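I opened this entry to keep track of what I looked up. The notes are in the order in which I worked.

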Amino acid sequence: MRYAILGDLHSNPTALEAVLAALEDAAVDAILQVGDVVGYGAAPRETIELVRAAGMQVVMGNHDGACTGHVDATTFNDAARLAIRHNVAQLEREDLRWLAALPLVHTTEHCALAHATLARPERFDYIQRPDEADTSFEALDRPVCFLGHTHRPVTLMRLREAPLRTSYTFQEELELGEFDAALVNVGSVGQPRDDDPRGGKNHKKKENHPRTPPPR
């Protein structure tokens, strides 16, 4: 099974179209998306249309939840709150229904998917230090979980020779089969915060090829 894992989109259909075009020759079997389809950007409807047309498997991000009333947007910074109001004004009722129905966690045969953390995903906490990943590792029943939320790619892992110690790496390509478990933050498609706008950073696990605090 070959997966493409997309980070936060944030109402940026131009960036999403570029990534989808790059995936046309990648022969992926499924596209997974770690939430925050909307927020910040100016084109939430167009972004949702692209996501649905591509048949992506998606989880709810905190900006998605804020647009539907599932998340309290008063905790957001000023720019994020203004963006939520703009996005809600642009969205149709069907768009809001679709966002409201997104799950907080999604699992496949090979991996798990959540927006911020796997443990208590409804809180949308940040994993900023290795010790903050402990509860998500405890909740993980797959070899790997893909996350977003921080817009900064990083992999936290438990090595087989030290299964209780959390290590991390910023390497772009990893053989996840060497780890006991891994939490992979895939960064952001629509609003990267690592000064690197490129897509296509790969993390490999045997025959599967799936593709950190900022403001909310």
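**Entry 1: model**

I am working from a predicted model.

**Entry 2: sheet**

I began with the strands. I found six of them in an open sheet, ordered β4-β5-β6-β9-β7-β8, with mixed pairing. I then asked which strands stand at the edges. They are β4 (105–107) and β8 (166–169). Each has a single partner strand, so one side of each lacks a neighbour in the sheet. On average, neighbouring strands here are turned by 20° against each other, direction ignored.

I looked at one pairing in detail. Strand β7 (residues 154–159) runs antiparallel to strand β9 (residues 179–185), and six bridges join the two. I checked Leu156 and noted Leu183 as its bridge partner in β9.

**Entry 3: nonpolar cores**

Next I looked up the largest nonpolar core, which has 30 residues. The members touching the most other members are Leu6, Val37, Val51, Met56, Trp98 and Leu99. I listed the elements that give two or more residues to this core: β1 (3–6), α1 (13–23), α2 (44–53), α3 (62–68), α4 (78–90) and α5. Which of them gives the most? It is α1, with five residues.

Leaving out residues up to four places away in sequence, Trp98 touches Val37, Ile48, Val51, Arg52 and Val58. I also noted another core that lies apart from the largest one; it has 18 residues, including Val34, Val59, Leu176 and Phe179.

**Entry 4: Thr117**

I located Thr117 in the loop between β5 (112–114) and α6 (134–139). Is Thr117 buried or exposed? Its relative accessibility is 6%, and the limit for buried is under 20%, so Thr117 counts as buried. I then looked at its side chain and found a polar atom 2.6 Å from the backbone oxygen of Ala119. With residues up to four places away in sequence left out, the contacts of Thr117 are Asp125, Ile127, Ser136 and Leu147.

**Entry 5: salt bridges**

I searched the whole structure and got eleven salt bridges. I wrote down some of them.

Glu94 and Arg97 meet through their side chains, at 3.1 Å from N to O. I asked how many residues apart they are in helix α5 (residues 93–100). They are three residues apart, which means a separation of about one helical turn. I checked accessibility too: Glu94 is partly exposed at 36%, and Arg97 is partly exposed at 48%.

Arg120 forms a salt bridge with Glu122, with 3.7 Å between the closest N and O atoms. Arg120 has 51% relative accessibility and counts as exposed. Glu122, at 43%, counts as partly exposed. The cut-off for exposed is over 50%, so Arg120 at 51% is classed as exposed.

For Arg129 and Glu132 I noted a salt bridge whose closest N and O atoms are 3.3 Å apart. Arg129 is partly exposed at 44%, and Glu132 is partly exposed at 25%.

Last, I looked at a group of three residues. Arg45, Glu92 and Asp95 are linked in a network of salt bridges.

Technical notes
Residues are numbered from 1 along each chain as its sequence is written. This is a predicted model: local features need pLDDT of at least 70, side-chain atom pairs count only at pLDDT 80 or more; totals for chains, interfaces and linings use all residues. Side-chain values use heavy atoms; hydrogens and water are left out. A salt bridge is a side-chain nitrogen of Lys or Arg within 4 Å of a carboxyl oxygen of Asp or Glu. Helices (H or I, at least four residues) and strands (E, at least two) are DSSP runs, numbered from the N terminus. Buried means under 20% relative accessible area, exposed over 50%, partly exposed in between (1.4 Å probe, protein chains only). Two strands pair if DSSP finds at least two bridges between them. Axes are lines fitted to C-alpha atoms, for helices over the stretch in contact, and angles run from 0 to 180 degrees between N-to-C directions. A nonpolar core is a set of buried Ala, Val, Leu, Ile, Met, Phe, Trp, Tyr and Cys residues joined through side-chain atoms within 4.5 Å. Contact means heavy atoms within 4.5 Å. A polar contact is a pair of N or O atoms within 3.5 Å; within protein, one must be able to donate a hydrogen and the other to accept it, and residues adjacent in sequence count only if both atoms are side-chain atoms.
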